[in-house]
Amino acid sequence: MTARRLVVGISGASAPIYGIRTLELLGQVPEVETHLVYTRTAERTIALETGRTLADVCRLADVVYAPEQMEAAVSSGSFQTIGMLIAPCSINTLSSIAASFTKDLLTRVADVTLKEKRPLVLMLRESPLHLGHLRRMVEAAEIGATIAPPIPSFYHRPESIDDVINHSIGRTLGLFGIELPDLKRWATPV
């Protein structure tokens with residue numbers, strides 16, 4: 001069976017744990033091959049917020065590409081993927097995507113994902129939002145991106161921050177048809 005390839009992008013926004021946890025959880029899903037793309041600012045945010053090194057995070061992915069590696073396989077529409085998740089997604093990255101401005105590999109792969117009509121899911125990490133942010137979000141949605149901020153749910157009765165993070169990632173991966181075995185979905189109370 002051929003693995004389904006998912007590109008995981010980590011921008012420099014706060015909460016790189018979302019991208020890291022995505023890679024950790026997908027490590028338990030053998031039919032999904034992860035391709036990591038990150039920004040230079042993500043490297044710094046990862047260290048500041050998680051205490052991990054970029055090398056630690058890279059070891060979680062099946063394939064890793066540097067921000068300047070514009071010749072990477074994932075930068076071509078002929079490289080088949082099931083889509084791209086950017087977790088977290090900064091306003092800077094979202095604005096570049098909305099404007100079709102490819103400043104690095106992350107935004108190039110996002111643009112390719114959209115032009116190939118594949119799912120592009122942006123876990124936007126910004127609050128509060130001003131009108132300029134909202135307009136860029138609309139523009140990104142109009143060209144095909146799905147905006148999926150990591151807003152916590154509580155119906156699954158989380159007992160830890162990890163539970164909240166895992167649930168947000170699980171719901172987001174569901175947009176790609178990837179089901180995590182321990183994800184609790186809403187069920188009508190009996």
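Helices (H or I, at least four residues) and strands (E, at least two) are taken as DSSP runs and numbered from the N terminus, and two strands are said to pair if DSSP finds at least two bridges between them. The model is predicted, and local features therefore need a pLDDT of at least 70, side-chain atom pairs count only at pLDDT 80 or more, and totals for chains, interfaces and linings use all residues. Residues are numbered from 1 along each chain as its sequence is written, and side-chain values use heavy atoms, with hydrogens and water left out.

Six strands form an open sheet with parallel pairing, in the order β3-β2-β1-β4-β5-β6. From one strand to the next, the twist averages 20°; axes are lines fitted to C-alpha atoms, for helices over the stretch in contact, and angles run from 0 to 180 degrees between N-to-C directions. Strands of a sheet pair through backbone hydrogen bonds, either parallel or antiparallel. Strand β1 (residues 4-10) is joined to strand β4 (residues 84-89) in the parallel sense over three bridges, and V8 stands opposite L85 in β4. Helix α7 (residues 161-173) packs on the sheet and touches β1, β4 and β5 (120-124), where contact means heavy atoms within 4.5 Å. The direction of α7 makes about 155° with that of β5.

Strand β5 pairs with β4 in the parallel sense over four bridges, and the bridge partner of I86 in β5 is L122. The parallel pairing of β5 with β6 involves three bridges, with V121 opposite T146 in β6. Burial is assigned from relative accessible area (buried under 20%, exposed over 50%, partly exposed in between; 1.4 Å probe, protein chains only). Five of the five residues of β5 are buried, so the strand is largely enclosed by the rest of the structure. In a regular strand the side chains alternate between the two faces of the sheet. Both faces of β5 are covered, with L120, L122 and L124 buried on one side and V121 and M123 buried on the other.

Two helix pairs were examined. Two packed helices are described by the angle between their axes and the distance between the axes. The axes of helix α1 (residues 17-26) and α7 come within 10 Å and cross at roughly 70°. This makes α1 roughly perpendicular to α7, on a scale in which angles under 35 degrees count as roughly parallel, over 145 as roughly antiparallel, 65 to 115 as roughly perpendicular and the rest as oblique. Helix α1 contributes I17, Y18, R21, T22, L25 and L26 to the contact, and α7 contributes D162, I165, N166, S168, I169 and L173. By class, the contact of α1 with α7 has seven nonpolar, three polar and two charged residues; Ala, Val, Leu, Ile, Met, Phe, Trp, Tyr, Cys and Pro count as nonpolar, Asp, Glu, Lys and Arg as charged, and the others, Gly among them, as polar. Within α1, R21 counts as buried at 10% relative accessibility. R21 touches D162, I165 and N166, not counting residues up to four places away in sequence. The C-alpha atoms of R21 and I165 are 7.7 Å apart in space, and the two residues are 144 apart in sequence.

Helix α4 (residues 91-98) and helix α6 (residues 131-142) pack at an angle of about 45°, with axes 8 Å apart, and are therefore oblique to each other. The contact is formed by I91, L94, S95 and A98 of α4 together with H133, R136, M137, E139 and A140 of α6. These residues divide into five nonpolar, two polar and two charged.

Several backbone features were also identified. Most residues other than glycine have a negative phi, and most peptide bonds are trans. The peptide bond from A87 to P88 is cis, with omega near 0°, and P88 is found in strand β4. A cis peptide bond also links S127 to P128, with omega near -5°; P128 lies in the loop between β5 and α6. A15, in the loop between β1 and α1, has a positive phi of about 85° although it is not a glycine. This residue, A15, is buried, with a relative accessible area of 10%. R157, in the loop between β6 and α7, has a positive phi near 55° and is likewise not a glycine. R157 is exposed, with a relative accessible area of 71%.
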